[in-house]
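These are my notebook entries on what I looked up in this structure. I began with the metal sites and then turned to a pair of helices.

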Amino acid sequence: MLPLGGLGEIGKNMTVVEYEDRIVVVDVGLRFPTPEMVGIDLVLPDFSYLRGRVKDIEAIVVTHGHEDHLGALPWVLRELGAADAPPVYGRPLTMAMGRSKLDEHKLREVQLIDLEDGEDVDLGPFTLELIHMTHSIPDASAVALTSEVGTVLVTGDYKFDQTPVDGAPADVSRLAELGREGVLLLCGDSTNVDRPGFSPSESVVGPHLEEVFARCEGRIVVTSFASNIHRVQQVVDAAAALDRKVVLVGRSMRKNVKIGRSLGHIEVPDGMLVGPREIEDFPDERIVIISTGSQGEPLSALRRMAYRDHPQVKLHDGDTVVFSATPIPGNERAVNDTIDRLYHIGCEVITTRDAPIHASGHGFAEELKLMLNLTKPRYVMPFHGDFKRIQLHSRLAEAVGVAKEAIFCAENGDVLELDARGARFGKPERAGMIFVDGVDIGDVADAALRDRRMLSADGIFIVVATISEQDGGSVADPEVIFRGVAFLDEAGQLIDEIKDTVEDSLERAATEGVRDVGHLQQLLHDHLGALIYERLKRRPMVLPVVVEV
Ligand SMILES: [Zn+2]
Ligand SMILES: [Zn+2]
């Protein structure tokens with residue numbers, strides 16, 4: 001049992017379950033970069049452990065279609081070699097979303113296999129079963145992997161919603177049955193362990209949305225996660241009740257609604273959907289726009305509307321924007337920024353603070369206890385949470401009677417060994433982050449990140465010095481180029497000083513017999529860096545180029 005991601009963090013879930021050298025990977029998620037990771041598009045779990053072991057992987061199993069569980073699939077398959085990639089298993093919606101990602105990466109040969117609930121699949125020494133759970137996306141499931149040693153149950157993300165929008169609550173009886181048969185290890189979602197009680201049902205959101213809509217006189221823009229198909233359904237229902245047309249805006253919103261409709265997860269009455277270009281054909285009070293951008297994502301439709309940069313939707317005063325989502329930690333600033341822009345345009349903004357128009361997809365503390373009590377695991381390993389939540393989850397397990405020694409608070413890369421004698425931590429494996437930068441994947445060295453940080457904060461100086469091949473003396477006036485450096489009232493004076501420093505440094509180096517170009521560049525870098533810091537109290541990147549003639 002080896003978690004490669006998702007512990008000590010929220011995001012990039014990926015776990016290796018191994019028995020007698022045969023491997024099943026549960027989830028292949030990604031994370032979005034923090035603001036310090038300048039120029040990085042995506043963050044993946046470091047899956048070095050799997051390199052060279054493609055032949056040992058029986059399958060990849062994905063619990064549900066969220067990016068933090070499915071998003072790394074194309075990258076992982078591409079890196080492991082798509083031609084002999086293992087089959088990927090999941091529920092139909094998860095697989096449809098996976099297929100659409102693989103198509104974008106032209107990975108068409110990968111086998112994606114739909115599994116029904118309760119269907120058993122033999123994968124080498126393992127038997128795989130998916131158990132239906134409720135979450136903020138349809139077709140979420142827990143994964144049970146049974147080998148000779150026992151059953152490992154990975155809950156995936158879940159809540160125990162008793163009145164889900166699609167009328168299919170979590171398969172509590174199967175969980176209890178597994179508990180009676182004996183669960184060796186439970187790896188449970190810790191996201192909302194710090195919230196007491198039970199989470200509200202998704203179905204309470206709809207009536208509140210309708211109430212909010214009823215008060216609006218102009219157009220309504222609702223933003224939510226595009227994958228929250230039941231939420232989109234509730235927005236559609238509220239719009240229908242008030243005789244408004246629905247417009248879908250944002251690529252992932254259109255894509256997910258299309259997939260959701262084709263699989264019967266969402267129903268839109270005929271004639272209700274209107275294209276973005278037809279918005280102006282209807283009076284304002286007849287329109288609801290459903291948009292991406294609930295997290296303030298830079299290129300999202302809502303963000304572009306807020307910055308008056310959306311090609312089809314031009315917001316104006318009288319419009320109301322409804323945030324049917326809460327910001328994920330880290331996104332608060334971008335969301336606030338978007339909201340402020342919307343006010344600037346004259347829109348009204350309604351958030352979850354004004355009305356209960358959002359319900360979390362992750363169960364609260366009592367639901368986590370219920371999971372523990374249903375499955376009665378011998379060992380517990382809290383999953384899907386930062387260190388604080390993992391600790392809280394372990395206390396909660398103790399509270400319901402799991403022995404302290406049976407609870408393993410792990411971090412990414414920790415190996416939990418389970419056999420007839422018991423469970424213990426083994427030698428840790430490599431785990432960490434790999435970055436995706438555009439279409440390239442790899443260990444973007446720390447240096448590259450640092451460079452980007454410097455460039456974005458303080459700009460760059462490029463200094464070109466020309467020296468004589470014979471004696472190493474400076475033979476031409478040094479050239480100084482700078483970009484993105486904030487200050488420069490006295491640019492002229494600083495540039496003169498830079499030129500003087502270059503001449504001085506080269507002269508000294510020549511007398512000391514330093515002739516190696518790399519060495520000279522290093523020297524110039526140090527001297528100029530010191531000078532520029534003195535004058536500007538900033539550390540722009542300094543890039544000296546020494547040319548010999
Ligand atoms: Zn998740
Ligand atoms: Zn999720």
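Entry 1. I looked up the donors of the zinc ion (ligand 2) in this predicted model. I found that His64 (NE2), His66 (ND1), His135 (NE2) and Asp157 (OD) coordinate this ion, at 2.1 to 2.3 Å. Along the sequence, I noted their spacing as H-x1-H-x68-H-x21-D. The four donor atoms subtend angles of 90 to 164 degrees at the zinc ion (ligand 2), which makes the arrangement irregular. I recalled that four donors count as tetrahedral if all angles lie between 85 and 135 degrees.

Entry 2. I then turned to the zinc ion (ligand 1).

Entry 3. Which residue coordinates both zinc ions? I found that it is Asp157, and that the two ions are 3.5 Å apart.

Entry 4. I next examined helix 5 (residues 205-214) and helix 6 (residues 229-241). They pack at an angle of about 40 degrees, with their axes 9 Å apart. Helix 5 and helix 6 are therefore oblique to each other, and their crossing is right-handed. On the helix 5 side, I listed Val205, Gly206, Leu209, Glu210 and Phe213; in helix 6 they meet Arg231, Gln234, Val235, Ala238, Ala239 and Ala241. By class, this contact has seven nonpolar, two polar and two charged residues.

Technical notes. Residues are numbered from 1 along each chain as its sequence is written. Chains are lettered from A and ligands numbered from 1 in the order in which they are written. This is a predicted model: local features need pLDDT of at least 70, side-chain atom pairs count only at pLDDT 80 or more; totals for chains, interfaces and linings use all residues. Side-chain values use heavy atoms; hydrogens and water are left out. Axes are lines fitted to C-alpha atoms, for helices over the stretch in contact, and angles run from 0 to 180 degrees between N-to-C directions. Helices (H or I, at least four residues) and strands (E, at least two) are DSSP runs, numbered from the N terminus. Angles under 35 degrees count as roughly parallel, over 145 as roughly antiparallel, 65 to 115 as roughly perpendicular and the rest as oblique. A crossing is left-handed if the near helix is turned anticlockwise from the far one by less than a right angle, and right-handed if clockwise. Contact means heavy atoms within 4.5 Å. Ala, Val, Leu, Ile, Met, Phe, Trp, Tyr, Cys and Pro count as nonpolar, Asp, Glu, Lys and Arg as charged, and the others, Gly among them, as polar. Donors are N, O and S atoms within 2.8 Å of the metal (3.2 Å for Na, K and Ca); water is not among the atoms, so sites may look incomplete. Four donors count as tetrahedral if all angles lie between 85 and 135 degrees; four count as square planar and six as octahedral if opposite donors are over 155 degrees apart and all others between 65 and 115; anything else is irregular.
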